[in-house]
Amino acid sequence: MANKLQGFFGPRIPAEVPEAERWRYRLPTILLATAAILLIISIFTPYWRMTLNAPQYPKGLMVQIYVNRVEGDVAEIDGLNHYIGMRPLEEAGQVERRFAIMAISSIALLTAAAIFIHTKWAALLALPAASVPFVFLGDLYYWLRNFGLNLDPNAALSSSIEPFVPPVLGTGIIAQFSTLALPDWGLYLAFTATVLIIVGLYFHRRAYKPLVDQQ
Amino acid sequence: MNLFKKQNNFYRAGWITFLLVFALTAFFISCSDQQQEAAPAESDGGVSTGLPADASAIAAARNLTPDDIVAALKTYVPTGQHDDYIMFSSGGHAGQVFVIGLPSMRLLKTIGVFTPEPWQGWGYGSEETMAILNNGQADGEQTVMWGDTHHPALSETAGDYDGQYLFINDKAHARVAVIDLRDFETKQIIKNPIAINDHGGTFVTPDTDWVIEGGQYAAPLGWEYASLDEYAEDYRGMVTFWKFDRDSGRIDYDASFAMELPPYWQDLCDAGKRVSEGWVFCNSFNTEMATGGIESGEPPFEAGASQRDMDYLHVINMDKAIGVAAAGQTIEVNGFPVISLDTSVAEGLLYFIPEPKSPHGVDITPGGEYMVISGKLDPHTTVFSFEKIQAAIADGNFETDQYGVPILDFDAVLEAQIELGLGPLHTQFDDKGYAYTSLFLESTVARWALGGPYGEMHEEEDWSLVGKQSVHYNVGHIAAAEGDTVSPDGTYLVSLNKWAVDRFANVGPLLPQNFQLIDIGSPGEQMQLLYDMPIGVGEPHYAQIIKGDKLSPWEVYPEIGWDPGIQAVNPEAPMSGEEKVVRNGNEVEIWMTAVRSHFTPEHVEINQGDHVIWHITNVERAYDATHGFSLPGYNIQLSLEPGETATFEFDATEDGVFSYYCSEFCSALHLEMVGYLLVKP
């Protein structure tokens with residue numbers, strides 16, 4: 001059992017490594033820890049935003065999506081959406097939003113935990129965190145598509161607006177509104193975390209593989 | 001150990017990683033900057049380098065002079081840009097207040113005050129508005145359905161407009177209204193308990209602690225009867241000091257008081273400021289105490305009230321009067337504390353100064369040093385010195401009128417008299433050491449140079465006429481930009497002309513008034529008439545002009561369920577999802593919401609004879625998403641601005657089917673925003 005655990009955790013850094021040489025172990029530690037921290041911070045920032053512009057809204061309308069909530073001109077956008085039979089934004093991704101904070105926090109902690117795993121298993125712990133932005137975008141696309149294609153056929157403007165899929169990123173046009181969808185700070189942070197994790201795992205492997213091979 | 005041979009590679013790799021992160025960060029920041037830059041599509045706002053090639057052709061075709069072109073350029077405000085100044089004008093006997101932008105002279109809003117106004121749902125069922133209007137009943141029984149607004153007064157802090165509140169009087173019924181400039185709605189109407197009419201209101205003290213309402217046509221105080229034969233004995237003038245509570249935004253009736261004055265007809269007042277703070281000045285006419293009676297062979301008022309060469313400027317030690325009232329040295333008239341004339345004389349609260357007869361306007365210079373009075377039958381404007389007034393009072397050597405009020409010696413308090421022209425009325429000030437006085441008979445506005453501390457600000461001789469600007473026609477009051485504050489702006493002046501005669505296309509025998517915008521920005525003789533604005537509603541008297549950026553009204557009400565009557569959320573307000581109709585015996589209570597483009601509920605079924613209590617909330621949060629609510633047959637018309645809630649009640653005396661609908665064009669499906677009230681016989 002102890003052997004199996006040791007096989008999972010991998011070798012410790014030999015005590016005889018001089019201080020000047022220890023940075024090679026610290027580099028992946030710093031990269032992975034930074035990634036975990038960035039991911040935690042991202043929970044508190046919006047991941048995505050869509051702005052809608054129309055002549056009668058000179059300041060535009062904006063909706064921001066956080067991992068656990070929707071903010072911005074939600075009431076006004078819902079009010080407009082009811083004309084075309086789109087469901088209220090609050091109904092989208094309810095399960096995802098309920099568990100997102102806990103899930104992303106756990107994933108970030110796993111990434112931090114990978115710092116202490118010096119074998120290949122470290123990758124298994126850290127890679128879920130690397131997938132966060134892609135999972136977010138995939139889920140967003142699913143809901144945009146789900147909402148856009150399932151319009152209430154009895155809505156006031158159902159005859160003039162065909163079902164549509166709003167773009168996940170980039171520009172779109174719906175009735176008199178031009179829309180612009182862009183990543184927001186949270187998604188940038190998550191992407192940065194992804195890059196840091198991949199680079200971090202690379203240096204992690206380079207640092208510890210010789211130790212593992214020595215065993 | 002060969003394990004560490006690749007040390008340099010590791011350093012390099014570390015640097016590359018961090019550079020990569022920085023590069024990513026920089027990229028993301030630049031991306032977000034771009035999206036911010038891309039968002040507002042600003043107009044190109046290029047600096048004009050000259051008139052377009054065809055502009056002179058247009059000018060020629062329209063017979064425009066170079067001055068006309070300059071005037072047009074000075075007043076044109078392109079779409080999307082806002083005016084620099086906002087003018088609050090009395091609405092005269094329309095009973096309203098007009099909000100006008102300067103320099104464009106565009107009417108922005110008419111605020112319903114003393115007269116019901118259907119667009120704002122002012123006085124058409126909404127309990128909040130009905131309660132305010134009914135609070136102004138003259139005798140407690142008859143609902144007064146109009147007013148004669150005369151003199152608006154913006155609230156001040158340290159003598160400067162602060163853009164928070166506006167007050168205005170109703171001359172016809174001696175009432176004072178308070179308008180909250182967060183939502184530009186009337187919040188309070190107070191009926192003066194001792195007077196049947198007023199004129200010398202409203203004016204505020206430099207920090208808006210008090211709102212001044214001076215009387216006009218003398219009558220027995222408290223709306224009592226007395227024969228005109230007993231005029232000198234039983235008829236009285238008055239000035240009322242309304243305590244204003246800025247926190248609640250209301251006049252505190254219980255902390256207010258009045259002063260009994262001789263039965264001269266008090267006219268306009270002004271509050272002292274800076275050096276004269278704590279004093280109030282009101283002028284008067286008919287010190288002859290003429291009682292008219294042309295039908296009996298007596299001199300008519302117009303002659304009887306103009307016999308003496310001098311009337312009396314009332315000089316009131318207001319600070320002292322507040323103390324006397326607080327000490328309870330008052331009599332009660334209709335339950336309202338009044339300082340009697342005897343007490344005023346005994347306590348030294350009231351002094352008179354002879355002033356050229358039949359004046360209109362006593363206007364205090366920005367620093368409070370001088371009181372400017374123009375008797376409209378004397379070609380001079382007369383300037384008294386506050387310092388000299390104080391010296392004369394201290395001197396204590398004066399005659400008295402028949403009521404025992406001390407009369408200061410005219411020559412002892414006179415600072416200057418300037419011959420301006422015929423029919424001088426009302427004076428405003430600028431930032432260049434000039435004063436402006438309207439000349440009613442001449443139809444001009446005179447610019448003249450002040451003396452004393454203002455003498456250094458201009459090149460002209462102190463106390464001298466500088467120039468005149470013709471206006472069209474018969475100017476009453478004038479309003480300069482912040483021109484009655486401690487720091488006038490000296491940019492624009494509006495001449496509030498009583499007659500338009502030939503200025504506009506003939507629209508029948510009842511003509512609009514004419515507001516004329518004048519550029520007073522340059523010193524010397526030069527003033528330029530810029531624009532004529534017809535006022536086809538009522539006859540405005542006075543106006544005040546405030547810098548636009550001092551106003552910060554709400555875009556929408558702060559929260560859903562907002563009751564503008566209390567400026568707070570009403571716990572009774574219907575909310576989305578809580579709409580219901582509840583019957584309790586013969587009483588039916590309805591909780592309704594309005595949102596684009598439907599009311600909930602859309603069917604309301606009741607029985608003839610039911611008493612109906614109906615609450616509606618506009619649950620919108622969007623700028624400009626106002627809904628109306630019109631119920632024909634029961635005289636109900638509401639305006640529900642975003643977030644606003646309102647309640648109305650009625651007895652369902654008429655059976656039938658009544659369609660209620662949204663009367664404000666709210667959306668593409670506005671026509672469909674309708675419901676049925678079904679009243680079963």
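**Exercise 1.** Work out whether Arg583(B) is buried, partly exposed or exposed, and then find its salt-bridge partner.

*Solution.* Start with the accessibility: Arg583(B) has a relative accessible area of 40%. Buried means under 20%, exposed over 50%, and partly exposed in between (1.4 Å probe, protein chains only). So Arg583(B) is partly exposed.

Next, the partner: Arg583(B) pairs with Asp610(B), at 2.6 Å from N to O. Arg583(B) sits in strand E35 (residues 580-584) of chain B, and Asp610(B) in the loop between strands E38 (603-607) and E39 (611-618), so the pair ties together parts 27 residues apart in sequence. Strands here are DSSP runs of at least two residues, numbered from the N terminus. Asp610(B), at 2%, is buried.

A quick word on the ground rules: this is a predicted model, where local features need pLDDT of at least 70 and side-chain atom pairs count only at pLDDT 80 or more, while totals for chains, interfaces and linings use all residues. Residues are numbered from 1 along each chain as its sequence is written, chains are lettered from A in the order in which they are written, and side-chain values use heavy atoms, leaving out hydrogens and water.

**Exercise 2.** Classify both partners of the salt bridge between Lys432(B) and Asp431(B).

*Solution.* Their closest N and O atoms are 3.2 Å apart. Lys432(B) comes out at 13%, so call it buried. Asp431(B), at 37%, is partly exposed.

**Exercise 3.** Which residues are linked with Glu76(A) in a network of salt bridges?

*Solution.* Look to chain B: Arg596(B) and Glu620(B) join Glu76(A) in the network.

How values were computed. A salt bridge is a side-chain nitrogen of Lys or Arg within 4 Å of a carboxyl oxygen of Asp or Glu. Helices (H or I, at least four residues) and strands (E, at least two) are DSSP runs, numbered from the N terminus.
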